[in-house]
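Thanks for asking me to look this one over with you. Have the sequence and the model open side by side, and we can go through a few points together.

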Amino acid sequence: MQLLNLGILAHVDAGKTSLTERLLHSAGVIDEVGRVDDGNTRTDTLALERQRGITIKSAVVSFPLDGVTVNLIDTPGHPDFIAEVERVLGVLDGAVLVISAVEGVQAQTRVLMRTLQRLRIPTLLFVNKIDRRGARDEEVLRSIAARLTPAIVPMGTATGLGTRAARFVAGPGPAAALDVLTEHDDALLSAYVEDTVTDALLRGSLVTQTRQALVHPVYFGSAATGAGVDALLSGIEELLPAVGGEADGPVSGTVFKVERGSAGEKVAYARMFSGTLRTRDRIPCGADGAEGRITGISVFGHGTDTRADAVAAGQIARLWGLADIRIGDAIGEPRKAYEHFFAPPTLETVVVPVPGVNRGALHLALTQLAEQDPLIGLRHDERRQETSVSLYGEVQKEVVQATLADEYGLHVTFRETTPLCVERLVGTGHAVEFNKKDPNPFLATVGLRVDPAPVGSGVGFRLEVELGSMPYAFFKAVEDTVRETLDQGLYGWQVTDCTVTMTHSGYSPRQSHAHQGFDKSMSSTGADFRGVTPLVLIEALRRAGTRVHEPMHRFRIEAPADTLGALLPVLAGLAAVPETTRNRGALCILEGTVPAARVHALGQLLPGLTRGEGELESAFDHYAPVTHGTVPRRPRTDHNPLNRKEYLLNVTRRVGGRGV
C-alpha cells in the first residue's frame with residue numbers, strides 16, 4: 001500500500017482549508033464542498049474554528065488518489081498557532097504551500113517556506129484565489145522567486161484573472177524551466193548542450209528534483225471554483241514521494257497531536273515510520289521508555305478514520321490507552337530526538353478567573369490544554385493561587401479564553417501580557433553548607449559553584465567530588481533540585497547558560513537502634529539534600545550576580561519608501577533598532593531588532609503609518625540585557641530561598657528536633 005502524508009500550509013486567509021475541501025470533493029470523498037464562512041468544513045471541527053473562520057488545531061483527513069492513499073493534514077495559518085504547524089512537520093512526506101493571488105507572499109509564507117526548505121520537505125506551491133478581484137500571476141511569481149526561492153517551475157498559466165471564469169492552463173511546465181532544472185542535473189545539462197533534450201528527460205528530472213526538495217512546481221487555481229485543482233492533484237500524485245514503509249521492521253512512530261476523547265481519555269495521533277502496531281500490544285513510549293498498552297486503534301482512510309486491529313508503517317492512526325503520552329514522544333524505537341523548528345513562546349500572562357469560577361477546575365482545564373500544546377507552558381503559584389500561561393500572541397490569548405468558556409464552562413480574563421525574560425550569570429559564585437554546623441538544619445553537606453556558560457548551552461551539572469563519597473540517590477537529589485531551583489533566579493526568571501559544579505558533599509550514614517530500626521533523626525535522607533540545595537545555590541547566584549535579559553525579535557518591514565519618515569520615530573519609541581535599510585523599487589525594506597513585548601504594538605501601528613501597505617515579519621532572535629526602565633521581576637512560586645528565615649519556616653517542620 002502506497003501512502004502519502006501531505007501537509008497543507010499557508011498564511012492566514014490564503015484559502016488553505018477551502019483547498020482541503022476542494023481536494024476532498026475532487027477525490028470523491030465528499031459530495032458537497034464545505035465553506036469556511038458557513039462553518040461546515042470537514043477539518044475545522046472545533047466550534048471556535050467555525051465561529052472565527054480560522055484553523056486552530058491541525059486535523060487529518062484521508063482520500064484515495066489512484067493507487068495512493070493521501071493523509072492530508074490541514075494546519076493553522078495564524079502565527080500565534082505555529083506550535084500546531086511545528087508538530088506536523090516531522091511526520092510529512094510532502095507539502096502544498098498555499099499563496100493568495102491577491103495578497104501574494106506574506107510574512108508567514110516566508111517563515112513556513114524557510115522551514116520546509118531547512119527540513120527538505122518536498123513542496124508544491126499553489127497560488128489560490130485567481131478568481132478574486134485583484135488577483136495577479138506574473139507579479140506573484142516574481143515575488144515568489146525574490147522572497148521565497150528562485151527554484152520554481154511554473155506548471156502552466158492563469159487566464160481570466162479576477163473573474164469567475166478564471167482558469168489554469170497547463171504547460172509548458174519543465175520545458176520553460178530548463179535553467180532551473182539543469183542547475184542540479186548534470187545529465188540534463190549535457191543533453192541540453194548536445195541538443196538531445198526530450199520531454200521524458202525533462203519530466204524525469206522534474207520528478208526527481210521535486211522529491212529531493214530542490215525545485216518547487218507552481219500551480220495556479222481557485223479553491224472556490226475548482227480551477228487548477230485537478231492539475232494540482234495530478235502533481236501531488238506524480239511529483240511527491242509516496243511511501244510504503246517497513247511493515248515487518250521494528251515498531252517506530254512519532255506522536256504529533258494529543259487530544260481528549262469524549263470520556264476524557266487521552267487520544268494520541270501518531271505517524272508510524274516502521275513496523276506494525278497492534279491492539280493490546282505493550283510498547284515503550286516517550287523519553288523514559290515507560291511501557292504503555294494499546295487499547296484501541298483508529299486508522300485514517302477514505303475520508304475518515306475507522307477502528308482497526310493494527311496500524312502499519314507509513315500510516316497515521318489515533319491510539320488509545322497511552323495515559324502518559326505527550327506530543328513529540330516516540331512509539332517503540334525512537335527515530336531521532338523531537339526537534340523544535342520554531343522559537344518557543346516569549347510572552348506570558350496570568351489567567352484571572354471571574355468570581356464564582358472554581359480554581360481547581362480551572363487549573364485542571366489549563367493543564368489539559370497545555371498537554372495538547374507542547375510549546376505552551378503553565379506556571380502555578382500555590383501561594384497566590386494564580387496560574388500563568390506562556391503565549392505567542394494576543395490572538396492565542398483570545399482563543400484560550402474562548403476555549404475555556406466553550407469547552408469547560410469556565411470564564412476568565414487576563415492580566416497584561418508581559419515578556420518571558422531569562423537571567424544570565426554576571427560572574428562566578430560559590431557557596432557551601434556543612435552537615436551538623438549552624439545555621440544548617442539539614443543533615444547534608446552541599447557546596448556548589450556557578451560559572452557562566454556559552455549562550456545557548458543551557459544548564460550543565462558537574463561533580464568535583466567523588467561519586468562514591470555518598471549514595472548516588474543523594475547526588476541525584478542535588479542535581480534535580482539544582483535544575484528545579486534555576487527555574488527562578490534572583491529576579492524570579494529562569495537562569496540559563498551556566499554550569500553548576502558540586503564542590504562539597506557529605507552525609508550522616510544510616511543510624512539504627514536495637515528493636516527500633518531506622519533512626520530518621522540521625523540519618524541523612526534525600527529530603528535533607530533537597531532542602532539545603534536551594535539555599536546553597538541561591539547564595540552562589542548572589543555572589544556571582546545575574547542580569548535579566550529580555551526576548552528580542554528580529555523584524556523585517558516592507559513599506560512604501562515615502563512612509564519611512566513617519567515610521568522611524570515610532571520604531572524608536574518602541575525601542576526597536578533598525579540595522580539595515582534598502583530600497584526595492586518604490587518599497588523600503590527595514591530590518592532590525594525589537595523587544596518581544598513591543599511586537600504586537602508595532603503590528604497594530606504599522607497599517608496606519610504605511611497607508612495599509614506595510615508588512616511586518618518578526619521572529620524570536622535572541623535575549624538581550626534589559627537596558628530601559630526598571631529591571632522586571634517575576635513573582636516567585638517556590639518557598640523563596642532568597643529569604644532564609646521564610647524558606648526554613650516553609651520547608652522545615654520541627655517536632656521537638658530537627659526539620660525534615
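**Notes on the strands, sheet and helices**

1. In β36, E615 is the bridge partner of E558. In β35, the partner of E558 is I589. Before going on, a word on the source: this is a predicted model, in which local features need pLDDT of at least 70 and side-chain atom pairs count only at pLDDT 80 or more, while totals for chains, interfaces and linings use all residues. Residues are numbered from 1 along each chain as its sequence is written, and side-chain values use heavy atoms, with hydrogens and water left out.

2. With β36 (residues 615-625) β33 runs antiparallel, joined by ten bridges. With β35 (residues 587-595) the pairing of β33 is also antiparallel, over nine bridges. Strand β25 (residues 422-425) is joined to β33 by four bridges, again antiparallel, and here R424 has R547 as its bridge partner. Two strands pair if DSSP finds at least two bridges between them.

3. How many of the 15 residues of β33 are buried? The count is 13, so β33 is largely enclosed by the rest of the structure. Buried means under 20% relative accessible area, exposed over 50%, and partly exposed in between, with a 1.4 Å probe and protein chains only.

4. Now to an open sheet of four strands, in the order β26-β27-β30-β28, with mixed pairing. Its edge strands, each pairing on one side only, are β26 (429-433) and β28 (459-463). From one strand to the next, the twist averages 20°. β28 and β30 (residues 498-507) run parallel and are joined by five bridges; F461 has V500 in β30 as its bridge partner.

5. Helix α12 (residues 472-485) lies across β27 (444-452), β28 and β30, at about 155° to β28. Angles run from 0 to 180 degrees between N-to-C directions, and axes are lines fitted to C-alpha atoms, for helices over the stretch in contact.

6. The next point is a helix pair. The axes of α8 (residues 199-211) and α9 (residues 229-239) come within 10 Å and cross at roughly 80°. The two helices are therefore roughly perpendicular to each other (65 to 115 degrees counts as roughly perpendicular). On the α8 side, R203, L206, V207, T210 and R211 meet E237, E238 and L239 of α9, where contact means heavy atoms within 4.5 Å. By class, this contact has three nonpolar, one polar and four charged residues. Here Ala, Val, Leu, Ile, Met, Phe, Trp, Tyr, Cys and Pro count as nonpolar, Asp, Glu, Lys and Arg as charged, and the others, Gly among them, as polar.

7. A402 and V412 are ten residues apart in sequence, and their C-alpha atoms are 8.9 Å apart in space.

8. Finally, the whole chain. The protein chain has 16 helices and 36 strands; helices (H or I, at least four residues) and strands (E, at least two) are DSSP runs, numbered from the N terminus. Of its 660 residues, 54% count as buried. Among contacts between residues at least 6 apart in sequence, 72% join residues at least 24 apart. The chain exposes about 28,900 Å², with carbon and sulfur atoms supplying 50% of it; this area comes from the Shrake-Rupley method with a 1.4 Å probe.

Notes. Parallel < 35°, antiparallel > 145°, perpendicular 65-115°, else oblique.
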